[in-house]
Amino acid sequence: MHASERKGGKAAITAVGGYVPEERLTNQDLEQMVATTDEWIRSRTGIESRRILKDPEKATSYLAIKAAENLIEKNQIDPLTIDMVLVATITPDLHVASTAPYVASQINAQNAFAFDLQAACSGFLYGLSVAAGKIAAGHYKKILVIGADKMSSIIDYSDRTTCIIFGDGAGAVLLEPSTNGMGWEDEYLRSNGMGRDLLHLKGGGSLHPASQQTLEDGWHALYQDGKSVFKHAVSEMATASEILLERNGLHQKDIDFLVPHQANQRIIEATAKKMDLPMEKVLCNIADYGNTTAATIPLLLHDFECNFKKGDKLVLTAFGGGFTWGAALLTWAYN
Ligand code: UT7
């Protein structure tokens, strides 16, 4: 539904935060672990290093809490005023209980209700959509949406096709009712369950509960058919973004920034090319972080916050496991 059709008003991002662990896993490190080269990884993915949360005692909640604390401290938010905390992740601390209530408690958001959302690399975008809807309906005034993933916990570091891509990190945004007419404008979200054969983690769910066999078969690590996922990602992110622009009467030249999920630099460039957007307008930080799954988009917003001006038009777009994908159009609401 278009934002202008909603009765409760428009939601706006009013603050951002982020966190990545100190420890780097470089291409040179990976050369020692699997049959790969720095040159191959750079040219095929654009990635130079990723951040890894090495401490086995620390999980995704640690990343999420750090990102939330960064946002809260930077913007002097009283956590008791937060109504809802949503954590988008595919690497929850535990299957049960969900990660968000723990994060909410740890940041002292005692008046919030909290839940996780699992939509892989589109999780943060889906989460923003849910939160924007809650604000628009007039139910809540302050919603924290966090994208966080400790991808290193589900990666098989002997699988060279997958381990080179992923890293750990978290980003967070605060959504509030817009006070200046700027904010969440429109969204186009889709999914296709047939994609689960091409990108999944099979073991430990109700279909294949954890067993000696699932361990032996390596079903507790992420699997992807990279080539197929690559093609779908380019086509769907570009199409979703173009549909949004068209139905809002906008052209490529009206967009100030494309904020694409960071899975592969070649996917990002191919998407921009398909949309006829110059790379100056396309935000990238994949070289330093790799693919942090639900955290890529909020980490971009965090890293490039200083570049945004009030009134800038941003298109956020993601594609990931499920398949899930989509795009959102928003007007940046503050300087
Ligand atoms: O964010 C969630 C969604 N995920 C994505 O969007 C990821 C999408 N896919 C990709 O980013 C890329 O497909 C990969 C980076 C995973 C792989 O790149 P590719 O250009 O599609 O490579 P490929 O799988 O077609 O493999 C090409 C060759 C193969 O060798 P042969 O069969 O041509 O001899 C692979 O065995 O490259 C080989 N290869 C490697 N060589 C050196 C695969 N991985 C590596 C590696 N180092 N790490």
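This is a predicted model: local features need pLDDT of at least 70, side-chain atom pairs count only at pLDDT 80 or more; totals for chains, interfaces and linings use all residues.
The crossing is right-handed. On the α3 side the contact uses Ser61, Ala64 and Ile65, and these meet Thr99, Tyr102, Val103 and Gln106 of α4. Sorted by class, that contact has 4 nonpolar residues, 3 polar ones and no charged ones.

Now for the other helix pair, α8 (residues 226-247) and α9 (residues 265-275): their axes come within 9 Å and cross at roughly 40 degrees. That angle makes α8 oblique to α9. Here too the handedness is right-handed. From α8 the contact draws on residues including Phe230, Ala233, Val234, Met237 and Leu245, while α9 brings in Arg266, Ile267, Ala270, Thr271, Lys274 and Met275.

| Helix pair | Axes come within | Crossing angle |
|---|---|---|
| α8 and α9 | 9 Å | roughly 40 degrees |

Zooming out, the chain is split into domain 1 (3-177) and domain 2 (184-331). Their C-alpha centres lie 14 Å apart, and the contact takes 53 residues from domain 1 and 45 residues from domain 2. How much area do domain 1 and domain 2 bury between them? The figure is about 3700 Å², with 60% of it on carbon and sulfur atoms. Within domain 1, Cys121, Leu125 and Tyr126 lose the most area to domain 2, and together they make up 17% of what that side buries.

Finally, some backbone details. Most residues other than glycine have a negative phi, and most peptide bonds are trans. Against that background, the bond joining Val96 and Ala97 is cis, with omega at about 5 degrees. Ala97 sits in the loop between β4 (84-88) and α4. Another cis peptide bond runs from Gly322 to Phe323, where omega is near -10 degrees, and Phe323 belongs to the loop between β12 (313-320) and β13 (324-331). Then there is Asn108, which is not a glycine but has a positive phi of about 70 degrees. Look for Asn108 in the loop between α4 and β5 (113-117).

Notes
Residues are numbered from 1 along each chain as its sequence is written. Side-chain values use heavy atoms; hydrogens and water are left out. Axes are lines fitted to C-alpha atoms, for helices over the stretch in contact, and angles run from 0 to 180 degrees between N-to-C directions. Helices (H or I, at least four residues) and strands (E, at least two) are DSSP runs, numbered from the N terminus. Angles under 35 degrees count as roughly parallel, over 145 as roughly antiparallel, 65 to 115 as roughly perpendicular and the rest as oblique. A crossing is left-handed if the near helix is turned anticlockwise from the far one by less than a right angle, and right-handed if clockwise. Contact means heavy atoms within 4.5 Å. Domain bounds come from an automatic or database domain assignment. Buried area is the accessible area (1.4 Å probe) that two parts lose on being put together, summed over both. Ala, Val, Leu, Ile, Met, Phe, Trp, Tyr, Cys and Pro count as nonpolar, Asp, Glu, Lys and Arg as charged, and the others, Gly among them, as polar.
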